Amino acid sequence: MTASKGSSFWRTALRVMYRFIRLMDPMIRASRARGAPGTDGFVELKVIGRRTGWSRTTLLTLLSVDGQRYVGHPNGATQWTRNAEAAGVVQIDPPAGGETFSVVRLPSGPERDAVIRATRAQQPFPANLVYRAASRHIAAVGVFFRLIPSEAP
């Protein structure tokens, strides 16, 4: 399989996985509220929409590498990553306690590589297996941000 065919496969596979997760969102949120095992890494990211100005929320995994916090998407730019980059700040609800963070998009390099490795290790099952299998695709197109605690906008 060539790199472009592999990348095309993973782009589609990850889209399907995230659509399924979107359908499961109410169940995931309910499980998280009850403190179900495997949901402790999930947080709610809030960001202001770049076109509407409305607050948008996304459920995702808060990543940690060497005490620093990160968020990202393995399949390239999405609406929430574009909104976060445009706004420059996001709010994270538990476990970060509703803190506001400035976001810094990670360029290619050692820090981004470490975050991608952490993504494979810190995602709950079965996403961790998918992330491991798609690691080359994620390294090529994934969008990740360092979160820097800041004052509310």
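Reply: Aspartate 66 is exposed, with a relative accessible area of 80%. On this scale, exposed means over 50%, buried means under 20%, and partly exposed is in between (1.4 Å probe, protein chains only). The model is predicted: local features need pLDDT of at least 70, side-chain atom pairs count only at pLDDT 80 or more, and totals for chains, interfaces and linings use all residues. Residues are numbered from 1 along each chain as its sequence is written, and side-chain values use heavy atoms, with hydrogens and water left out.

Aspartate 66 sits in the loop between β3 (63–65) and β4. Helices (H or I, at least four residues) and strands (E, at least two) are DSSP runs, numbered from the N terminus. The backbone of aspartate 66 has a positive phi of about 50°, although this residue is not a glycine. Most residues other than glycine have a negative phi.

Another positive phi comes just after α2, where glycine 88 takes a value of about 80°. Helix α2 itself covers residues 79–87, and Trp80, Thr81, Asn83 and Ala84 are buried in it. These four cover an arc of only 160° around the axis, which puts them on the same side of α2. The arc is that of the directions from the helix axis to the C-beta atoms. An α-helix has 3.6 residues a turn, so residues three or four places apart point the same way.

What do the buried residues of α2 pack against? Their partners are the strands β1 (42–48), β2 (55–61), β4 (68–73), β5 (89–93), β6 (99–105) and β7 (143–150). Contact here means heavy atoms within 4.5 Å.

Next, the nonpolar side. A nonpolar core is a set of buried Ala, Val, Leu, Ile, Met, Phe, Trp, Tyr and Cys residues joined through side-chain atoms within 4.5 Å. The largest has 15 residues, of which Leu45, Val71, Trp80, Val90, Ile92 and Leu147 touch the most other members. β1, α2, β5, β6 and β7 each give two or more residues to this core. Apart from it lies another core, of 14 residues, among them Trp10, Leu106, Ala114 and Tyr131. In soluble globular proteins, nonpolar side chains tend to be buried together. A salt bridge is a side-chain nitrogen of Lys or Arg within 4 Å of a carboxyl oxygen of Asp or Glu. By this rule the count comes to four. In one of them, aspartate 93 pairs with lysine 46, the closest N and O atoms being 2.9 Å apart. Aspartate 93 lies in strand β5 and lysine 46 in strand β1, so the pair ties together parts that are 47 residues apart in sequence. Aspartate 93 is buried at 14% relative accessible area, while lysine 46 is partly exposed at 25%.

A salt bridge also joins the side chains of glutamate 99 and arginine 69 (3.2 Å, N to O). This pair links distant parts of the chain, with glutamate 99 in strand β6 and arginine 69 in strand β4, 30 residues apart. Both are partly exposed: glutamate 99 at 29%, arginine 69 at 28%.

Glutamate 111 and arginine 146 meet in a salt bridge at 2.7 Å, N to O. Glutamate 111 lies in helix α3 (residues 110–122) and arginine 146 in strand β7, so the pair ties together parts that are 35 residues apart in sequence. Glutamate 111 counts as partly exposed, at 27% relative accessibility.
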